[in-house]
Amino acid sequence: MLELANCVRCGSVFARDYRDICPNCHREEERSFQMVHQYLRKRENRQATIQQITEVTTVPESLIIKFVREKRLQPSQFPMLSYSCRSCSNQITEGEMCTDCKDNMRKELDVTLELDRKRETAKANEQRVYYNGNR
């Protein structure tokens, strides 16, 4: 069953299916995608960066990054399509974070989980009541 939602781009109410944007905004995104894709299809433009594509097509950088993240524009075909890691600003071509930041986050999580486990063990040991049969 479809539910009513507000479009995240324009705020209008629409019957949401699997998108967070209304049909009008979706059509606009598709037009923007076609404009970017047509620009990149030309051999001389295949090395263009996201900033250069934005300047020529007027499609917002965030939307071009969305196309790359959705794998609609493949960095293997257009090698300069990279964007900033959310953590350190290194250039990446997929996901939200670079490999180094992901590894650091995993290490921090492992340390936190180990500390939590030690705290729980200490707390359990602290709460033990020992019964001495002699009164």
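In the predicted model, the contact between helices α1 and α2 is formed by Met35, Val36, Tyr39 and Leu40 on the α1 side and by Ile53, Val56 and Thr57 on the α2 side. Of the residues in this contact, six are nonpolar, one is polar and none is charged. Helix α1 spans residues 23–41 and helix α2 residues 50–57; their axes lie 10 Å apart and the packing angle is about 115°. Because angles of 65 to 115 degrees count as roughly perpendicular, α1 is assigned a roughly perpendicular orientation relative to α2. The crossing of α1 past α2 is right-handed.

Glu29, Ser32, Phe33 and Val36 are the contributors from α1, and they meet Leu63, Ile64, Lys66 and Phe67 of α3. The composition of this contact is five nonpolar residues, one polar residue and two charged residues. Val36 of α1 takes part in the contact with α3 and also in the contact with α2.

Glu29, located in helix α1, has a relative accessible area of 6% and is therefore classed as buried, the cut-off being under 20%. When neighbours within four places in sequence are set aside, the contacts of Glu29 are Arg9, Ile21, Leu63, Lys66 and Phe67. Among them, Leu63, Lys66 and Phe67 belong to the α3 side of the contact between α1 and α3.

The buried residues of α3 are Leu63, Ile64, Ile65, Phe67 and Val68. The elements covering these residues include α1, α2 and strand β3, at 83–84. Leu63, Ile64 and Phe67 are listed among the buried residues of α3 and also take part in the contact with α1. Apart from residues up to four places away in sequence, Val68 touches Leu73, Pro75, Leu81, Tyr83 and Thr93. Helix α3 is followed by Lys71, which has a positive phi, near 65°.

The C-alpha atoms of Val68 and Cys101 are separated by 20 Å, with the two residues 33 positions apart along the chain.

The structure contains zero disulfides. Cys10 does not take part in one, and the nearest cysteine sulfur, that of Cys25, lies 3.7 Å away. Cys10 is partly exposed, with a relative accessibility of 45%. For Cys101, the closest cysteine sulfur is that of Cys98, at 3.5 Å. Since a disulfide is assigned to cysteine sulfur atoms within 2.5 Å, the sulfur of Cys101 is too far from that of Cys98 for a bond.

Key
Residues are numbered from 1 along each chain as its sequence is written. This is a predicted model: local features need pLDDT of at least 70, side-chain atom pairs count only at pLDDT 80 or more; totals for chains, interfaces and linings use all residues. Side-chain values use heavy atoms; hydrogens and water are left out. Axes are lines fitted to C-alpha atoms, for helices over the stretch in contact, and angles run from 0 to 180 degrees between N-to-C directions. Helices (H or I, at least four residues) and strands (E, at least two) are DSSP runs, numbered from the N terminus. Angles under 35 degrees count as roughly parallel, over 145 as roughly antiparallel, 65 to 115 as roughly perpendicular and the rest as oblique. A crossing is left-handed if the near helix is turned anticlockwise from the far one by less than a right angle, and right-handed if clockwise. Contact means heavy atoms within 4.5 Å. Ala, Val, Leu, Ile, Met, Phe, Trp, Tyr, Cys and Pro count as nonpolar, Asp, Glu, Lys and Arg as charged, and the others, Gly among them, as polar. Buried means under 20% relative accessible area, exposed over 50%, partly exposed in between (1.4 Å probe, protein chains only).
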